[in-house]
Amino acid sequence: MPPELGRKVNTLVDVLLPAKHLVSEAKPVSTRQLWGTDVYTDDSDLVAVLVHTGHVKLKPQAPKMPLIVSLRVCAAAAKYESSERNGLISRSWEGKHAGVSYKIERCTAATAATAVPSP
């Protein structure tokens, strides 16, 4: 996640996630690059978090449209709990975390109108 998120605690940030990243061979998912449950460290892979929370189910072929993911930026937690959800086990973390945290507020398929910025 971008370092400027530290200035956005308690706000929503929308992320446009290209469809090419939403495939079952996504390495950060298979290597469990996510720490936490419901609230995740800012260095957790967004696709892995989306799988863990049940917002997406990855398939061999990428979907036609990207996703718009609304993240709630949260302060760093003292502890991040591990859990198994949707066939993926997140990692736990306890101790100092220099960044911030985030949780998924909503995830929707982008339409042609929302995926392309207006001039």
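How many salt bridges does a search of the whole structure find? The search finds 4, where a salt bridge means a side-chain nitrogen of Lys or Arg within 4 Å of a carboxyl oxygen of Asp or Glu.

Hi everyone, a quick word on the background. This is a predicted model, where local features need pLDDT of at least 70, side-chain atom pairs count only at pLDDT 80 or more, and totals for chains, interfaces and linings use all residues. Residues are numbered from 1 along each chain as its sequence is written, and side-chain values use heavy atoms, with hydrogens and water left out.

Let's start with strand β4, residues 67–74. Strands here are DSSP runs of E with at least two residues, and helices are runs of H or I with at least four, numbered from the N terminus. In β4, 7 of the 8 residues are buried, so the strand is largely enclosed by the rest of the structure. Buried means under 20% relative accessible area, exposed over 50%, and partly exposed in between (1.4 Å probe, protein chains only).

Now for the neighbours of β4. Strands pair if DSSP finds at least two bridges between them. Strand β1 runs antiparallel to β4, joined by 6 bridges, and Val13 has Leu71 as its partner. Strand β9 also pairs with β4 in the antiparallel sense, over 8 bridges, with Ser70 partnered by Arg106.

Back to our salt bridges. Arg72 and Glu105 meet at 3.5 Å, N to O. Arg72 sits in β4 and Glu105 in β9, so this pair ties together parts 33 residues apart in sequence. Arg72 is partly exposed, at 23% relative accessible area.

Finally, Asp38 and Arg85 form another salt bridge, with their closest N and O atoms 2.6 Å apart.
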